[in-house]
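Subject: Structure handover

Hello,

I am passing on the structure that we talked about, and below it you will find what came out of going through it. Please keep it open in a viewer while you read.

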Amino acid sequence: MQTAVIRFPASNCDRDAAVALEKVTGRKPLMVWHRETELPAGVGFVVMPGGFSYGDYLRAGAIASRSPIVRDIKAKSKRGLAVAGFCNGFQILTEAGMLPGALMRNKNLKFVCRPERLKVESSNSRFTQKYDAKSEVTFPVAHHDGNYFADKDVLSRIEKGGQVLFRYAENPNGSLNDIAGIVNEGGNVFGMMPHPERAIDPMHGGTDGLDLFKSILETI
Amino acid sequence: MAKKSEMTPEIVAEHGLSESEYEVILDRLGREPNLNELGIFSVMWSEHCSYKSSRRHLAKFLTKGDRVIQGPGENAGVIDIDDGDAIIFKMESHNHPSYIEPYQGAATGVGGIMRDVFTMGARPIALMNALRFGEPTHWKTKQLVSGVVAGIGGYGNCVGVPTVGGETNFHKGYNGNILVNAMCVGLARADNVFYSAAKGVGNPIFYVGSKTGRDGIHGATMASAEFDDDSDEKRPTVQVGDPFTEKLLIEACLELMETDAIIAIQDMGAAGLTSSSIEMADKGGVGIELNLDKVPQREPNMTAYEMMLSESQERMLMVIQPGKEQLAFDIFEKWELDVAQIGKTTDTGRLVLKHNRKKVCDIPIAPLADDAPNYDRPHVKPDARPVLAASDIHETQDYNDALLRIMTSPNIASKRWIWEQYDRHVMTDTVDSSQSGGDAAIVRIHGTNKAVAITTDCTPRYVEADPYEGGKQCVAETWRNLTCVGADPIAITDCLNFGNPERPEIMGQFVGAIEGMNEACRAFDYPVVSGNVSLYNETNGQAIPPTPAVGGVGLIPDLHKYATLKGAKEGDTLVLIGETTGWLGASIYLSEILSREDGAPPPVDLSLEKLNGDYVRQLIRNRRVNAVHDLSDGGLAVAACEMAFASNQGMSLSGPVNGERHGWLFGEDQARYLLAVEKNSVNPVVSTARTKGVSAQIVGTVGGDRIQADGAFDVSLEKLRAANEAWLPNLMSGGS
């Protein structure tokens, strides 16, 4: 299985994502520079990594979402390409219109980094099939702009459509409905603020993140 | 040559140069300097750049050792950690800017120390910080805490280097001068370390990174003067950080360092283009000619003076191998960085600057370094303070209350509010960090099973009480903290923060502390490989407590054998290593319970430190212990509480095994460790200690949900933890 990690200027979890993908697939992912206009052939799963693309100097993820490579990934995702964005990657996916809603500044206005307990809302998805529904996992969060917001209609649509896959047990940022991670209607584009790639080694304090990678990679 | 300037004594004085220093300039040039030249001499001979008050004393430090690849004198120190890996590290102060503009001051402090490390070829892998603020109730403290913490996080988090630990103190002595000391640790290949000495003649000089603006002009001179009530007016001299550009610079420089294009490289820190170009030329024994018209500029009509003295951040200077110019251009353009060839090396030994087709500076480089002032300032030893016996110090009648007060006191209370704003996990090699409240942070070397342990320490109240013993203690505590996690301590960096060196009593603190530190370095074979000095930390004549912050680095060769304070298990026995006399002089008990700051500090017996520490490390390597914590502020009682919080276990202390009860529980005797040992290991641990001459006493048990001590306190673990956690959030959310 060939996977890819997109590198934007000031991505900083690109290596971490690559380590996780290699651990699960046994194969190094391709590191794709943001200025590329097309994904290399044969890539079955793309990770948009965490970081501070373009320094978060406009809105987090806004500039990166206009990168040439994102245009190609967006087009391919409409034909079923599996894509996941973690932290800044999630922000980029919402800014690119590939996931609904937006990530606003944390409610208390401060950066927050801590291990966060999450409820797996549904195991009926390509990204969570290996978890038990309603089970609890712990992934670290580390963000300044993780406060998930969507208008009433969108919120009710994603809730009814089973698109909310993870919720915070103790909401760290003010996200509506404690939303930590969502998937698109097609079920192939997923984003979350917590970092599953930081929970794949006993040395990290836990390995709850591995099943997320295993879940999606098994379906490709 | 620019028209001969008319130097007045006022202009010379405004540049912080003394009359005698100006005489030397006249003598070496054989003429009056022009304003550009005067500005260059001024920053190069500032305290910050020339170490004119401290140089002769710093020379006393042990700087060599088996693992030292590069000691002081380069951008950072380099040590060997086997397998072809090298660790590059340094700590630096950004005190004055952080007081004036806390967010940018602290942020650029982090940026600057990272550049010192990646300039030498290392990828930064960990950040630490040592912070000292004024009294919690002082009107400015909250604003400074929140700005400094946001600035450190804002920079480090964006660049993607984990901030894994540090220390934070509050004391009224810092009301007018806070201390922000940042440390960076990087990883390089031992055979691919980069240095700053320019080589060759006619080699191109490249400028890379942010454009040069008018920010930070004369920052180095500001950092070399005292503050007064008008210090707010110095705000324009504070630089503004751009962590996004820093991140691009790191990636671009490390990419270029994989080629053979770089001959020499130096970041533009204090005194910007001036000090970077002069240092490169001086170390390489060459001259440098720069065409300032080529310097990327942020604003129009900048003068040569402004460009040379600007401290705009995120800029690097390098000498490139001829023929490799295009390779360098391509890499920097890929990373969308400004890059320009701004000059070349020459064989004249002179710094020649051209601007608008005119020569605006032409000075010999050697005198800037060789003739830099080197003062032997008068210094007096402070009077020795009396040793206080525990029996002469009032014993609390309410131990529950005393324990609660100590655990919620500013220096002991949890700093979660601070470290939760730092990304501690990015790069996914953090094994232990502030999160557990441990003695040292542990960061794995990527892709291996070994790790570095990192700590920063200083106990200013001890240094104030006795600079020599206090200096010893700062080094010994870092050594002890590295030992606590099972690391072999290797080397230190230091950040020597003191008041005005022109006052003999301040200079006495400085000299005493260095001599004490050096004594400890030599006893442990634990050299100083990098550091900086920050003097003139005074406002309106009030100096800070002497604060020689020490950053220690050690190696854990095998991550199967390390310890933290998190591992204590129900039923474990608590074993105290080291002798307890009940030393309460200059202790937390004295200051928090009795509001006294007198008495001599605990003496540090360096051979005992070594004996006890080596034994503890051996126990960790033999997996004889479940948890380890050093005894420092607040003594046995505080160490037990901290281990209880981290392990989520109650603790019952027996005793006193000897002496007074308050001295036993809160005394701060040195060279001590608290161990949680499984029952069946207790006998071998204690008996082996005896054969080695190490004091080992059984002092309690682990388990339950209370913190107890015989005949003293008995409180709920959860209640104590909640109070310990609540202090700082309450301070920060409360009205001023």
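Before the first finding, one term is needed: a residue counts as buried if 20 or more other C-beta atoms lie within 10 Å of its own. Please also keep in mind that this is a predicted model.

With that cut-off in hand, consider strand E10 of chain B, which covers residues 315-320 and is mostly covered, since 6 of its 6 residues are buried. In a regular strand the side chains alternate between the two faces of the sheet. In E10(B), Arg315(B), Leu317(B) and Val319(B) point one way, while Met316(B), Met318(B) and Ile320(B) point the other way, and all of these are buried.

Which strands are joined to E10(B) by bridges? One is strand E7 of chain B (residues 204-209), which runs antiparallel to E10(B) and is joined to it by 5 bridges; another is strand E8 of chain B (residues 262-267), also antiparallel to E10(B) and also joined to it by 5 bridges. As background, strands of a sheet pair through backbone hydrogen bonds, either parallel or antiparallel.

Further along chain B there is an open sheet of 6 strands, in the order E14-E15-E16-E21-E17-E18, whose pairing is mixed. Its edge strands, which pair on one side only, are E14 (430-432) and E18 (528-534) of chain B, and from one strand to the next the twist averages 20°. Within this sheet, strand E17 (residues 488-497) and strand E21 (residues 547-556) of chain B run antiparallel and are joined by 9 bridges, with Pro489(B) standing opposite Gly554(B) in E21(B). Helix H18 of chain B (residues 467-484) packs on the sheet, where it touches E16 (451-457), E17 and E21 of chain B, and its direction makes about 25° with that of E21(B).

Finally, there is the place where the two chains meet: 22 residues of chain A are in contact with 21 residues of chain B. On the chain A side, the elements that give two or more residues are helix H1 (14-25), strand E6 (112-120) and strand E7 (136-143) of chain A, and E6(A) gives the most, with 3 residues.

Best wishes

How values were computed:
Residues are numbered from 1 along each chain as its sequence is written. Chains are lettered from A and ligands numbered from 1 in the order in which they are written. This is a predicted model: local features need pLDDT of at least 70, side-chain atom pairs count only at pLDDT 80 or more; totals for chains, interfaces and linings use all residues. Two residues are in contact if their C-beta atoms, placed from the backbone, lie within 7 Å. Helices (H or I, at least four residues) and strands (E, at least two) are DSSP runs, numbered from the N terminus. A residue is buried if 20 or more other C-beta atoms lie within 10 Å of its own, exposed if 12 or fewer, and partly exposed in between; C-beta atoms are placed from the backbone. Two strands pair if DSSP finds at least two bridges between them. Axes are lines fitted to C-alpha atoms, for helices over the stretch in contact, and angles run from 0 to 180 degrees between N-to-C directions.
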